[in-house]
Amino acid sequence: MKILFIGDIFGNVGRRVLAERLPDLAREHAVDVCVGNGENVSGGRGMTKNLFRKLRKYGIDVVTGGNHSFSVDDNDYSFMNEPVSLRPLNYPEGNLGHGITVFTLEDGRRLGVVNAMGRMFMHEALECPFRKVLNAVNELREQTPIILIDFHAEASSEKAALAHYVDGLASAVIGTHTHVQTADERILPKGTAFITDAGMTGPEHSIIGMKPEGVIKKYLLQTYVRYEPSEDGAMFNGVVIEVDDGSGKALSIKRVYERVSFGSL
Ligand SMILES: [Fe+2]
Ligand SMILES: [Fe+2]
């Protein structure tokens, strides 16, 4: 099975990149299934029901989330209950939604997807991602050996630790959240593909998606500044992972990075 994973899809620019490029990229890489992180799709923070539907329409089969999964105020979050909409599984009980799913392809093959969030430099009150992910992976392995984990975390050490923790049990651990694609993609000794961060699909000339002015002001003045999403430059960031259908072990992991110009859009 060939899986395309798309790094944090950011705002208007991220959506336009998908509209422009996703069908071709999926064809070029002969992917069977597509997973994308949608936590920044609404103006850089959060996701709405309509935008969730749009991501699905562009060709994303399973949409994952992160620390911004619930960042849009007064939002109708009923879409969180759909099987292909995930938020980190280690949020406390009482939150809507779930962080684990099995997606069945048209040919019957099944992909298990897990979404979890790190605690280091993030939300320390979350439940332990290591224990929660291991339980989820063991549960999924009763249905399919092909399992992808989107680990939404800040610290590279926490991401690498989780990947090694499930090495041989999951097909891939893909880091998200830092919005900067790392060049450390590899297959761990027992067959789990890993990259510290898949990067961001959104505006290249930005500070992790936002206009630089506001972010610089925040660093200088140390007071609240309302960030605005950048519309400058566009890029696609993601990875393609090939997995052996029988064993669930990764055969390859390849970074995808592309500058995109919008043509007639
Ligand atoms: Fe993000
Ligand atoms: Fe995030």
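Analyst: Buried means under 20% relative accessible area, exposed over 50%, and partly exposed in between, with a 1.4 Å probe and protein chains only. By that scale, 55% of the 265 residues of the protein count as buried. The model is predicted, so local features need pLDDT of at least 70 and side-chain atom pairs pLDDT 80 or more, while totals for chains, interfaces and linings use all residues. Residues are numbered from 1 along each chain as its sequence is written, chains are lettered from A and ligands numbered from 1 in the order in which they are written, and side-chain values use heavy atoms, leaving out hydrogens and water.

User: How many helices and strands does the protein have, and why is it described as compact?

Analyst: Helices (H or I, at least four residues) and strands (E, at least two) are DSSP runs numbered from the N terminus. The protein has five helices and eleven strands. The radius of gyration is taken over C-alpha atoms, and the globule rule is 2.2 Å times the number of residues to the power 0.38. The radius of gyration here is 17 Å, close to the 18 Å that the rule gives for 265 residues, so the protein is as compact as a globular protein of that length.

User: Which residues of helix α2 are buried, and what covers them?

Analyst: In α2 (residues 49-58), the buried residues are Leu51, Phe52, Leu55 and Tyr58. The arc is that of the directions from the helix axis to the C-beta atoms. These residues span an arc of only 125°, which puts them on the same side of α2. Asn50 and Lys57 are exposed on the other side. Contact means heavy atoms within 4.5 Å; the cover of the buried residues includes α1 (11-28) and β3.

User: Which residues coordinate the iron ion (ligand 2)?

Analyst: Donors are N, O and S atoms within 2.8 Å of the metal (3.2 Å for Na, K and Ca); water is not among the atoms, so sites may look incomplete. Glu39 (OE), Asn67 (OD1), His152 (NE2) and His177 (ND1) coordinate the iron ion (ligand 2) at 2.1 to 2.2 Å. Glu39 also bridges to the iron ion (ligand 1), with the two ions 3.3 Å apart. Asn67, in the loop between β3 (62-64) and β4 (100-104), and His177, in the loop between β7 (172-176) and β8 (186-187), are 110 residues apart. Both Asn67 and His177 are buried.
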